[in-house]
Amino acid sequence: MSQDLIRAAFEKRLNDWAKARMPALPVAWPNTKFSPPTNAVYLRAYVLPAATISRDAAGDHRQYRGLFQVNVVMPIGTGSRAAEQIAAELDDLFPVNLSIPSGALAVRVLTPVSVGQPTTGDADHTVPISLGYDVQFYPD
C-alpha cells in the first residue's frame with residue numbers, strides 16, 4: 001500500500017504539471033498503454049524504490065526511500081536543450097524538502113534533481129532525470 005501512495009504522489013504532481021505545460025508533455029507510466037508521439041518530446045516516469053527499513057526495536061516504523069526518475073525522450077538530432085529546460089522545470093516542481101501528501105503518508109523530496117548520462121537508441125535520445133525521496137511512517 002505504501003509504495004502505491006508514494007507512486008500516486010509523484011504521478012499526480014508530474015501529470016498535473018505536464019498537462020498544464022505549454023506545450024503539454026505526454027507521460028508514459030509503467031505498465032500502461034502508451035503510443036509515443038512522432039518526432040516530439042515525451043516523458044517516461046518511474047518510481048524506483050530502495051529497500052524498506054525499520055528504525056525501532058518493535059519493528060513498527062517504516063522508512064521508504066528511493067528514486068523518482070523521469071526520462072525525457074526526444075527525437076535524435078534535436079540537441080539537448082529541451083531536456084535541460086525540462087530538468088530545470090522539474091527542479092522547480094520538486095524542490096528539496098518538498099512534502100507531498102498522499103493518504104497517510106508525506107513523501108519528502110530528499111535530493112535535488114540530477115541529470116544522468118543520456119542514451120541514444122535507433123529512434124530516440126533519452127535523458128534520465130532523477131531525485132531521491134524519503135518517507136517516514138509511524139503507525140498509530
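This report walks through the nonpolar core, the aromatic rings and the cavity of the structure above.

The model is predicted, so local features need pLDDT of at least 70 and side-chain atom pairs count only at pLDDT 80 or more, while totals for chains, interfaces and linings use all residues. Residues are numbered from 1 along each chain as its sequence is written, and side-chain values use heavy atoms, with hydrogens and water left out.

Let us start inside. A nonpolar core is a set of buried Ala, Val, Leu, Ile, Met, Phe, Trp, Tyr and Cys residues joined through side-chain atoms within 4.5 Å. Buried means under 20% relative accessible area, exposed over 50%, and partly exposed in between (1.4 Å probe, protein chains only). The largest such core here has 34 residues, and Phe10, Leu14, Trp17, Leu43, Leu90 and Phe94 have the most contacts inside it. At least two residues of this core come from each of α1 (2-20), β2 (42-49), β3 (62-75), α2 (81-93), β5 (105-109) and β8 (124-137). Helices (H or I, at least four residues) and strands (E, at least two) are DSSP runs, numbered from the N terminus. The largest share of the core, seven residues, is supplied by α1.

Now for the rings. Those of Phe, Tyr and Trp (its six-membered ring) pair if their centres lie within 6.5 Å; planes under 30 degrees apart count as stacked, over 60 as edge-to-face and the rest as tilted. The whole structure holds five aromatic pairs, two of them shown here.

| Pair | Type | Centre to centre | Angle between planes |
|---|---|---|---|
| Phe34 and Tyr42 | tilted | 5.3 Å | 40° |
| Phe68 and Phe94 | edge-to-face | 5.7 Å | 65° |

Phe68 lies in strand β3 and Phe94 in the loop between α2 and β4 (99-102), so their pair ties together parts that are 26 residues apart in sequence. Both Phe68 and Phe94 are buried. In the other pair, Phe34 is partly exposed at 25% relative accessible area, whereas Tyr42 is buried at 7%. Ring pairs also link Phe10, Phe68, Phe94 and Tyr133 into a cluster.

Finally, which residues line the largest cavity? A cavity is a set of points on a 1 Å grid over the protein atoms alone where a 1.4 Å probe fits but cannot get out, and lining residues have an atom within 4 Å of a point. The lining is made of Phe68, Val70, Leu90, Phe94, Val113, Ile129, Ser130 and Leu131. Its largest share, three residues, comes from β8.

Conventions:
1 Å grid on protein atoms, 1.4 Å probe; cavity = no way out; pocket = protein on both sides within 12 Å on 5 of 7 lines; lining within 4 Å.
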